[in-house]
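Visitor: I would like to be walked through this structure. Please keep to what the atoms show.

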Amino acid sequence: MFKFFLVSFLGLLIAAHGVAENRLHDNIAMIEELGSFDIEEENDVEFLENSFWTSERVGKNLVNVDAFGAAGNGVDDDTQAFQSAWDKACSTPKSVLLVPQGRRYLVNATRFKGPCADKLILQIEGTIVAPEEPKNWDPKNPRNWLDFTKLKGVLFQGGGVIDGSGSKWWASSCKKNKSNPCRGAPTALTIDSSSSVKVKGLTIQNGQQMHFTISRSQSVRIIDVQVSAPGDSPNTDGIHITDSTNVLLQNCKIGTGDDCISIVNGSSSIKMKTIYCGPGHGISIGSLGKDNSTGIVTKVVLDSAFLRETTNGLRIKTWQGGSGFVQSVRYQNVRMQDVENPIIIDQFYCDSPKECQNQTTAVEISQIMYRNISGTTKSAKAMKFSCSNTVPCHNIVVSNINLEKKDGTVETYCNSATGFGYGVVHPAADCLSSSDKEECIVKIKNTENEELAEASPEDLVHTEL
């Protein structure tokens with residue numbers, strides 16, 4: 001009988017060793033995969049000097065909006081002048097559509113349609129402003145202000161400003177006043193159904209709702225763009241990417257009342273590099289899965305960012321009841337300053353005045369890496385992985401994390417989330433190594449004292465109003 005037990009025990013040890021060895025190999029492979037994948041940066045992002053259009057030798061056809069009757073005083077309606085100038089520039093090869101410096105152009109909701117002749121440049125040096133009154137908005141374009149569609153190889157550049165005049169839209173929002181009806185508002189600037197578009201140097205501010213949306217597009221490059229709105233302006237996402245591939249955001253400074261950057265369904269191969277975020281709700285993937293919809297986001301890289309006093313840091317947010325997946329995401333070289341929820345996965349997202357019902361389906365989240373993340377947190381739960389019991393998060397990797405709180409107490413919260421950490425990880429994330437689906441909190445007090453505690457029910461309920 002003893003020999004039987006000994007043989008059985010040895011067999012279990014060998015099996016356990018084999019499982020551990022396989023798991024180690026899998027972890028190494030995952031680190032290599034997540035740590036090495038990247039989105040290629042094209043070398044053809046060439047922007048011309050701001051003074052190029054004053055030279056007679058550049059071979060460009062200058063189309064000045066003033067030549068088409070634009071007043072540029074911020075009071076008279078310049079919509080028709082802009083539309084006429086667009087029609088001319090779009091149909092003429094090697095055109096430069098110029099919005100001159102030192103002038104304000106009042107433009108109503110307009111769709112600028114392509115395709116256009118080759119090598120079109122929009123040189124925006126002045127300020128384009130939207131009408132202030134929501135009640136006077138064109139009912140034919142309720143969700144767009146400046147909408148550019150079906151472009152290829154177009155360059156937007158200059159030191160000008162696109163100003164959505166959003167203050168009265170914000171005041172009428174149901175998030176400002178619950179007695180107001182909830183309704184959509186225009187996006188300030190949209191690039192839709194386009195390819196090989198480049199934008200550099202512009203400032204987009206005071207959006208009625210979202211500031212800059214890239215939709216149904218590919219090979220878009222956004223460089224040195226600034227986006228700004230007050231921190232309490234509702235739903236004013238900075239740069240919103242939907243159903244788009246191969247998008248680069250670089251050297252952008254964003255501060256709004258919502259997500260600095262939001263990436264939603266149908267988006268892949270998105271790279272963000274050298275991003276400043278704050279105020280705002282952080283850098284987000286999602287929300288995804290609302291109203292039982294499918295959401296898919298894959299191959300996202302954030303490399304080098306500074307987040308200051310945002311209500312979230314690096315966030316993935318999904319509604320209960322959705323389907324699809326988020327995978328192959330890497331966040332690295334990020335510095336936080338007084339950020340709430342520095343690292344958060346939230347599969348119970350509920351941006352609704354009503355309580356969301358529990359549902360069993362969810363957007364699956366896997367292969368997420370956080371590497372070289374440091375700074376200060378306002379939240380005790382510096383890392384929070386709040387995942388669905390029925391569709392758990394898996395293959396979460398944390399490496400070289402150092403998040404501190406002024407009172408010295410930080411913790412990692414896990415619900416139905418598995419993965420592993422390597423290198424220095426503070427707060428410790430041992431709860432990711434657990435193979436069960438029970439709640440687990442790893443606390444660190446005064447950097448050394450570790451203890452387990454039960455999860456509180458409120459960790460599974462999330463309402464953002």
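Visitor: How many helices and strands does the protein chain have?
Guide: This is a predicted model. Its protein chain holds 465 residues, of which 52% count as buried. As for secondary structure, the count is three helices and 32 strands.

Visitor: What share of the contacts with a separation of 6 or more is between residues 24 or more positions apart?
Guide: Contact here means heavy atoms within 4.5 Å. Among contacts in the protein chain with a separation of 6 or more, the share from residues 24 or more positions apart is 75%.

Visitor: Which residues of helix H2 are buried, and where on the helix do they lie?
Guide: H2 covers residues 79–91 and reaches 18 Å from its first C-alpha to its last, close to the 18 Å expected. Its buried residues are Thr79, Ala81, Phe82, Ala85, Trp86, Ala89 and Cys90. Seen down the axis of H2, they fall within an arc of 155 degrees, so they line one face of the helix.

Visitor: What is the volume of the largest pocket, and which residues are closest to its centre?
Guide: The space in the largest pocket comes to about 1,300 Å³. Its lining has 49 residues, and the closest to the centre are Gln209, Met210, Asn235, Lys290 and Asp351.

Visitor: Which element gives the largest share of the lining of the largest pocket?
Guide: The elements that give two or more residues include helix H3 (167–171), strand S11 (187–192), strand S21 (283–288) and strand S22 (294–308). The lining of this pocket divides into eleven charged, 14 nonpolar and 24 polar residues. The largest share, three residues, is from S21.

Visitor: Which peptide bonds are cis?
Guide: Most peptide bonds are trans. Pro115 sits in the loop between strand S5 (110–113) and S6, and Pro427 in the loop between strand S30 (417–426) and strand S31 (440–445). Omega is near 5 degrees for the cis bond from Gly114 to Pro115. The other cis bond, with omega about 5 degrees, joins His426 and Pro427.

Visitor: What is phi of Asn246, and what is phi of Asn341?
Guide: Most residues other than glycine have a negative phi. Asn246 belongs to strand S18, while Asn341 is in the loop between S24 and S25. Phi is positive in Asn246, near 55 degrees. In Asn341 phi is also positive, near 50 degrees.

Visitor: Is Asn341 buried or exposed?
Guide: A residue counts as buried under 20% relative accessible area. Asn341 has 17% relative accessibility, so it counts as buried.

Visitor: Why does Pro342 count as buried, and which residues is it in contact with?
Guide: Pro342 lies in the loop between strand S24 (323–339) and strand S25 (343–346). Its relative accessibility is 0%, so Pro342 counts as buried. Beyond its neighbours within four places in sequence, Pro342 is in contact with Gly313, Leu314, Met336, Thr377, Lys381, Ala382 and Leu403.

Visitor: How far apart in space are Pro342 and Leu307?
Guide: In sequence, Pro342 and Leu307 are 35 residues apart. Taken C-alpha to C-alpha, they are apart in space by 9.0 Å.

Visitor: Which residues does Thr203 touch?
Guide: Thr203 is in strand S13 (residues 203–205). Thr203 counts as buried because its relative accessibility is 18%. Not counting residues up to four places away in sequence, Thr203 touches Gly160, Val161, Ile162 and Gln226.

Conventions. Residues are numbered from 1 along each chain as its sequence is written. This is a predicted model: local features need pLDDT of at least 70, side-chain atom pairs count only at pLDDT 80 or more; totals for chains, interfaces and linings use all residues. Side-chain values use heavy atoms; hydrogens and water are left out. Helices (H or I, at least four residues) and strands (E, at least two) are DSSP runs, numbered from the N terminus. The expected span of a helix is 1.5 Å times one less than its number of residues. Buried means under 20% relative accessible area, exposed over 50%, partly exposed in between (1.4 Å probe, protein chains only). The arc is that of the directions from the helix axis to the C-beta atoms. On a 1 Å grid over the protein atoms alone, a cavity is a set of points where a 1.4 Å probe fits but cannot get out, and a pocket is an open set with protein on both sides within 12 Å along at least five of seven lines; lining residues have an atom within 4 Å of a point. Grid points are joined across faces, edges and corners, and a volume is the space filled by probe spheres set on the points. Ala, Val, Leu, Ile, Met, Phe, Trp, Tyr, Cys and Pro count as nonpolar, Asp, Glu, Lys and Arg as charged, and the others, Gly among them, as polar.
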